[in-house]
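This report describes one protein, beginning with a single residue and then turning to the chain as a whole. Please consult the sequence and the structure while reading.

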Amino acid sequence: MKLNTVGIALSYYREKYGLSMTQVCEGICSPATMFRIEEGYREVDSLVSATLLSRIGKQVLEFELLLNEKDYNLFRLRKDIHRNLEEKNLDTAEKLLQSYQSVMPKKTSAS
């Protein structure tokens with residue numbers, strides 16, 4: 001089993017703050033999935049990690065070293081898109097968004 005540092009951090013802070021799994025994961029994933037993440041049986045992408053960490057009052061920037069290189073690059077690209085949108089650099093934001101979309105998995109329709 002691979003060391004799951006995001007799961008360790010989630011478990012530690014959730015317990016430290018007296019939060020239940022349901023409180024942290026509601027609307028993000030099931031309690032069963034949260035359990036598997038905390039126990040290291042399930043890997044989680046950077047967006048879900050960031051959302052779960054923010055639910056316990058932590059910012060993903062505090063844990064960016066926990067991301068693999070691919071997820072970190074996607075995280076940085078999302079930050080660049082957000083920054084350009086805030087600065088109203090819409091052409092640049094659009095180009096970055098297209099770049100981001102090109103590397104994301106394609107959605108499949110359920111038949």
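## Lys-58 and its surroundings

The side chains of Lys-58 and Tyr-17 are joined by a polar contact of 3.2 Å (a pair of N or O atoms within 3.5 Å; within protein, one must be able to donate a hydrogen and the other to accept it, and residues adjacent in sequence count only if both atoms are side-chain atoms). The model is predicted: local features need pLDDT of at least 70, side-chain atom pairs count only at pLDDT 80 or more, and totals for chains, interfaces and linings use all residues. Residues are numbered from 1 along each chain as its sequence is written, and side-chain values use heavy atoms, with hydrogens and water left out.

Lys-58 lies in the loop between helix 4 (46-55) and helix 5 (69-86). Helices are DSSP runs of H or I with at least four residues, strands are runs of E with at least two, and both are numbered from the N terminus. Lys-58 has a relative accessible area of 15% and is therefore buried (under 20% relative accessible area, with a 1.4 Å probe and protein chains only).

The protein as a whole has six helices and zero strands. Its largest nonpolar core has 12 residues, among them Val-6, Tyr-13 and Ile-56; such a core is a set of buried Ala, Val, Leu, Ile, Met, Phe, Trp, Tyr and Cys residues joined through side-chain atoms within 4.5 Å. At least two residues of this core come from each of helix 1, helix 2, helix 3 and helix 4.

| Helix | Residues |
|---|---|
| Helix 1 | 5-16 |
| Helix 2 | 21-25 |
| Helix 3 | 31-39 |

Of the 111 residues of the protein, 31% are buried.

Definitions and conventions: Buried < 20%, exposed > 50% of the residue type's maximum accessible area, 1.4 Å probe, protein only.
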